[in-house]
Amino acid sequence: MPYLGFDSVHDESNAVCLWQKVLWAEGTDETNGTNLDPADIDGIFGPSTRGATEEIQDRWGLVSDGVPTSTTLSRAQDRLKVTGGSEARGKQLNSTYNGDVGSFSVIRNSEGKYAFRNGDNEWRNAGYRYRTCR
């Protein structure tokens with residue numbers, strides 16, 4: 001899983017969407033106590049995403065500060081399983097993220113960019129400079 005490194009400059013992006021998909025697959029809750037669901041994946045790192053991040057960090061025995069640091073993302077990467085393709089540089093790699101309550105596909109294309117399917121079942125690149133996963 002790519003390092004997402006959210007900050008005030010990148011807190012609205014497709015990288016946030018990918019992280020929110022992880023939080024959904026893990027069955028985390030929003031700040032109002034309801035489960036984070038696919039409709040909540042909007043690419044905005046707001047209070048509900050921060051709270052869900054704290055929840056998963058606590059569940060995984062990590063410092064629960066609500067920031068998806070490299071330690072948090074490394075733990076998430078442990079749940080990413082290769083399903084096809086090649087791990088060689090310049091080749092496509094197909095994977096599935098398997099959370100506690102859901103799973104989803106992730107690809108790394110030949111350019112090294114990661115992508116996931118959005119709510120319309122279209123592939124979206126997980127980047128910082130755009131937000132198209134709404």
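Start by selecting helix α2, residues 47-59, and colour its buried residues: S48, T49, A52, T53, I56 and Q57. Buried here means under 20% relative accessible area with a 1.4 Å probe, protein chains only; helices are DSSP runs of H or I, at least four residues, and strands are runs of E, at least two, numbered from the N terminus. An α-helix has 3.6 residues a turn, so residues three or four places apart point the same way.

You're looking at a predicted model, where local features need pLDDT of at least 70, side-chain atom pairs count only at pLDDT 80 or more, and totals for chains, interfaces and linings use all residues. Residues are numbered from 1 along each chain as its sequence is written, and side-chain values use heavy atoms, with hydrogens and water left out.

Now show α1 and α3 (70-77), which are among what covers those buried α2 residues (contact is heavy atoms within 4.5 Å). Just past α2, click G61: its phi is positive, about 75 degrees.

Next, hop to C17 and C133. Their sulfur atoms sit 1.4 Å apart as a disulfide (cysteine sulfur atoms within 2.5 Å), and the structure holds one of these.

Key
Expected span 1.5 Å × (residues − 1). Buried < 20%, exposed > 50% of the residue type's maximum accessible area, 1.4 Å probe, protein only.
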